Amino acid sequence: MTALRLRQLVIATDHMEHADTLQRILALGAPYVDPGVRQFGLTNAVYAIGDQFLEFVIPTQADAPASRFIKRFGVGGYMAIFQVPDIAV
């Protein structure tokens with residue numbers, strides 16, 4: 001790989017209905033729900049779009065970082081994850 005590329009977008013939301021609506025509009029397949037995010041006070045839905053991913057995270061605990069993000073900024077873009085080429089040390 002020689003260039004920077006977007007690998008995954010993460011949207012923080014307070015309702016799974018937001019993910020369901022976008023799934024329907026974009027005709028996405030069934031999401032993957034990662035049970036490992038529970039330890040961060042979240043539930044999620046991850047959709048594959050080609051070789052990239054769109055993830056919705058929904059806080060299940062008031063002190064979860066995503067919950068604080070939503071309180072401060074509102075529902076919306078939470079993370080952008082990029083794939084980069086190897087970095088010579």
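This is a guided tour of a predicted model, stop by stop, with something to select at each one.

Residues are numbered from 1 along each chain as its sequence is written. Because the model is predicted, local features need pLDDT of at least 70 and side-chain atom pairs count only at pLDDT 80 or more, whereas totals for chains, interfaces and linings use all residues; side-chain values use heavy atoms, with hydrogens and water left out.

**The whole chain.** Begin by selecting the protein chain and colouring it by pLDDT, which is the predictor's confidence in each residue, from 0 to 100. The mean is 92, and 97% of the residues reach 70 or more. Confidence is lowest in helix H1 (residues 16–25), with a mean of 91, and highest in strand S3, with 96. In a cartoon view you can follow 2 helices and 4 strands, which run β-α-β-β-α-β from the N terminus on; these are DSSP runs numbered from the N terminus, with helices (H or I) of at least four residues and strands (E) of at least two.

**The salt bridge.** Next select Arg-5 and Asp-51, whose side chains meet in a salt bridge at 3.5 Å, N to O; the term means a side-chain nitrogen of Lys or Arg within 4 Å of a carboxyl oxygen of Asp or Glu. Arg-5 lies in strand S1 (residues 5–12) and Asp-51 in the loop between strand S2 (42–49) and strand S3 (52–59), so the pair ties together parts that are 46 residues apart in sequence. Arg-5 is partly exposed, at 23% relative accessibility, and Asp-51 is also partly exposed, at 46%; buried means under 20% relative accessible area, exposed over 50%, and partly exposed in between (1.4 Å probe, protein chains only).

**The nonpolar core.** Now select Val-10, Ala-12, Val-37, Leu-42, Val-57, Ala-66, Phe-69 and Ile-70, the 8 residues of the largest nonpolar core, where a core is a set of buried Ala, Val, Leu, Ile, Met, Phe, Trp, Tyr and Cys residues joined through side-chain atoms within 4.5 Å. Strand S1 and helix H2 (65–73) each supply at least two residues of this core, and the largest share, 3 residues, comes from H2. Apart from this core lies another, of 7 residues, among them Ala-19, Leu-28, Ala-45 and Ile-58. In soluble globular proteins, nonpolar side chains tend to be buried together.

**Around Ile-70.** Finally, centre the view on Ile-70, which, leaving aside its neighbours within four places in sequence, is in contact (heavy atoms within 4.5 Å) with Ala-12, Thr-13, Asp-14, Pro-59 and Val-75.
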